[in-house]
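Dear colleague,

Please find the structure below for your records. The findings follow directly after it.

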Amino acid sequence: MLAEQAITEYRPLLYTVAYRILGVASDAEDMVQETFIKILRVDLSKIEDIKNYLIKTITNTCLNHLESLKRKKEHLVDNWSNITNNFQLDPFENWSNDKAAELSDGLRNMMKRLTDAELSVYLMKEAFNMNYNEITEIAKKKADHCRQLFHRSKQKLEEGKDKFNVDPEKHLQLYKKFQQANADGEVRGLVDFIFGSKKKLAKLKKS
């Protein structure tokens, strides 16, 4: 059987297998395409059971894809931790445009995944190395609650699922407030902004 024939005959089956593994239609289609690109380099005349061969190939391709996604998520979480950590040692004025853009993207992704409380605690803990006694005082929450918020925030970032729409103006203001907090070491204004912007939005909706 020629590769072109295999592509036509087995595409629906392979898509079904990929979708069952990945659960995402676009990813499943990508894995089908990748599988067929692989078999174009294989002499199918030497394969006794082409159907079984293709199923094993796409299964392995999907599993490799999942493993790659896992590594990317872990890398993203590490990056978010790095780009929001110890900024006092690396002032903004010394940053390149690429590094500033990386911070902006990191903050935007956090806003997509975390509640205001989780975002506040995560930034205080990771970006400014604050202990839970300090975080408790600013966040006005008990230490155990702050620990839970931090734990949940790390879990959500690892999962990588977007849950919220990000208002561009709030994102820009958050970036500026973060920069200001880094410059003067005063985190309270950053935390007040995160919660205050939500209250202002609620008032606007009521009016």
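Leaving out residues up to four places away in sequence, aspartate 27 touches Leu22 and His65, where contact means heavy atoms within 4.5 Å. Aspartate 27 belongs to helix 2 (residues 25-39). Helices here are DSSP runs of H or I with at least four residues, strands are runs of E with at least two, and both are numbered from the N terminus. At 21% relative accessibility, aspartate 27 counts as partly exposed, because that class lies between buried, under 20% relative accessible area, and exposed, over 50% (1.4 Å probe, protein chains only).

This is a predicted model, in which local features need pLDDT of at least 70 and side-chain atom pairs count only at pLDDT 80 or more, while totals for chains, interfaces and linings use all residues. Residues are numbered from 1 along each chain as its sequence is written, and side-chain values use heavy atoms, with hydrogens and water left out.

Histidine 65 is buried, with a relative accessible area of 18%. Apart from neighbours within four places in sequence, histidine 65 is in contact with Leu22, Asp27 and Met31. Aspartate 27 and histidine 65 are 38 residues apart along the chain, and their C-alpha atoms are separated by 8.9 Å.

As to the chain overall, it has nine helices and zero strands. Of its 207 residues, 37% count as buried. Among contacts between residues at least 6 apart in sequence, 67% join residues at least 24 apart.

I turn next to a pair of helices. Two packed helices are described by the angle between their axes and the distance between the axes. The axes of helix 5 (residues 116-127) and helix 6 (residues 132-139) come within 10 Å and cross at roughly 145°; axes are lines fitted to C-alpha atoms, for helices over the stretch in contact, and angles run from 0 to 180 degrees between N-to-C directions. On the helix 5 side, Val121, Met124 and Lys125 meet Tyr132, Ile135, Ile138 and Ala139 of helix 6. The residues of this contact divide into six nonpolar, no polar and one charged. In this scheme Ala, Val, Leu, Ile, Met, Phe, Trp, Tyr, Cys and Pro count as nonpolar, Asp, Glu, Lys and Arg as charged, and the others, Gly among them, as polar.

Two loop residues deserve mention for their backbone. Most residues other than glycine have a negative phi. Asparagine 129, in the loop between helix 5 and helix 6, has a positive phi of about 55° although it is not a glycine. Asparagine 129 is partly exposed, with a relative accessible area of 46%. Lysine 140, in the loop between helix 6 and helix 7, likewise has a positive phi, near 55°. At 69% relative accessibility, lysine 140 counts as exposed.

Finally, helix 7 (residues 143-159) has 17 residues and reaches 24 Å from its first C-alpha to its last, close to the 24 Å expected at 1.5 Å a residue; the expected span is 1.5 Å times one less than the number of residues. Its buried residues are Cys146, Leu149, Phe150, Ser153, Lys156 and Leu157. Seen down the axis of helix 7, these buried residues fall within an arc of 130°, so they line one face of the helix. The arc is that of the directions from the helix axis to the C-beta atoms. Just after helix 7, glycine 160 takes a positive phi of about 70°.

With kind regards
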